[in-house]
Amino acid sequence: MPAPTAPTAPTAPTAPTAPADATRTRTRTVRLGVHGSTHLASRLVAAAGHAPESVEYVPYEVTAPFAPLRAGEADIMIVKYDPLEPDLALSRPVGFDGRAVLVGAHHPLAGRASVSVEEVAEYGGFRCPGAFPAHVWNLVVPPRTPLGRPIRRIHAMTTLTAMAELLRSTYAIHLSFRSLEAVVPPDVKVVPVHDLPPSPVAFAWLREAEPPEHVRRFVADAQRAALR
């Protein structure tokens with residue numbers, strides 16, 4: 001009769017592992033296209049209840065605002081007003097950005113607590129840059145004030161650095177948004193404009209490419225936060 005064999009030791013149970021797709025979803029970041037300041041974007045992230053490290057900011061230039069999105073370098077991007085681009089879909093508004101005028105520290109308007117757009121019309125502004133939608137630029141830098149005064153759009157808009165250099169060396173002005181206060185140099189002042197309504201802020205993505213689930217969740221959370 002063959003000798004009995006020793007009993008085999010029980011195998012320790014293998015710890016359950018999360019599905020690969022779930023792990024990737026937890027660790028992937030939202031690639032969010034921004035222009036200039038990330039200050040507004042970080043406020044939206046916090047309001048949505050997402051951790052700062054869950055979002056990667058992808059800068060875009062105002063001369064080619066949709067380039068990173070169309071190149072697949074960003075999942076979504078921040079837009080102000082509706083760009084009316086056929087290949088883009090938009091979320092509901094997730095916030096607002098107050099209107100302001102950017103001027104050099106030496107400018108007559110620089111020391112004011114706020115100004116009227118009628119006063120801003122005394123000075124030369126910037127033309128619509130590159131591929132930026134002209135109808136949106138007309139909302140950012142209106143061709144006329146509410147009282148009908150023309151706003152002279154005479155300077156070329158290229159980069160924030162070039163714009164800041166012109167502002168600090170001339171009496172040029174740029175009608176823009178209060179969120180830029182976080183990124184302009186100390187010798188450029190951001191003065192609120194009290195008689196222009198704030199701009200709605202939304203997220204845009206490619207219409208034919210549905211964002212990944214973690215991006216859709218972020219957009220939905222931001223939209224819910226805006227309704228509180």
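## Basis

The model is predicted, so local features need pLDDT of at least 70 and side-chain atom pairs count only at pLDDT 80 or more, while totals for chains, interfaces and linings use all residues. Residues are numbered from 1 along each chain as its sequence is written, and side-chain values use heavy atoms, with hydrogens and water left out.

## Overall makeup

The protein has seven helices and eleven strands. Helices (H or I, at least four residues) and strands (E, at least two) are DSSP runs, numbered from the N terminus. Of the 228 residues, 43% count as buried; buried means under 20% relative accessible area, exposed over 50%, and partly exposed in between (1.4 Å probe, protein chains only).

The accessible surface comes to about 12200 Å², and carbon and sulfur atoms hold 58% of that area. Accessible areas come from the Shrake-Rupley method with a 1.4 Å probe, and for residues only the protein chains shown count as cover. Among contacts (heavy atoms within 4.5 Å) with a separation of 6 or more, 78% are between residues 24 or more positions apart.

Helix α2 spans residues 39–47, and its buried residues are Leu 40, Ala 41, Leu 44 and Val 45. They lie on the same side of α2, because they cover an arc of only 140° around the axis. The arc is that of the directions from the helix axis to the C-beta atoms. An α-helix has 3.6 residues a turn, so residues three or four places apart point the same way. The buried residues of α2 pack against strands β1 (30–34), β2 (55–59), β3 (76–80), β5 (95–97) and β11 (199–206), and against helix α7 (213–226).

Just after α2, Gly 49 has a positive phi of about 80°. Ser 54 is in the loop between α2 and β2. A polar atom of the Ser 54 side chain lies 2.5 Å from the backbone oxygen of Ala 51. Not counting residues up to four places away in sequence, Ser 54 touches Thr 29 and Val 30.

## The three-stranded sheet

An open sheet of three strands has the order β9-β6-β10, with antiparallel pairing. Its edge strands, β9 (174–177) and β10 (188–192), each pair on one side only. Two strands pair if DSSP finds at least two bridges between them. Neighbouring strands of the sheet are turned by 40° against each other on average, direction ignored.

Strand β6 (residues 99–104) is joined to β9 by four bridges, and the two run antiparallel. Val 101 stands opposite Leu 175 in β9. Helix α6 (residues 160–169) packs on the sheet and touches β6, β9 and β10; its direction makes about 65° with that of β6. Axes are lines fitted to C-alpha atoms, for helices over the stretch in contact, and angles run from 0 to 180 degrees between N-to-C directions.

## Two residues

Asp 221 lies in helix α7 and counts as buried, because its relative accessibility is 16%. Its side chain makes a polar contact with the side chain of Arg 224 (2.2 Å). A polar contact is a pair of N or O atoms within 3.5 Å; within protein, one must be able to donate a hydrogen and the other to accept it, and residues adjacent in sequence count only if both atoms are side-chain atoms. Leaving aside neighbours within four places in sequence, Asp 221 is in contact with Ala 48 and His 50.

Thr 158 lies in the loop between β8 (153–155) and α6 and is partly exposed, with a relative accessible area of 38%. Leaving aside neighbours within four places in sequence, Thr 158 is in contact with Glu 61, Val 62 and Thr 63.
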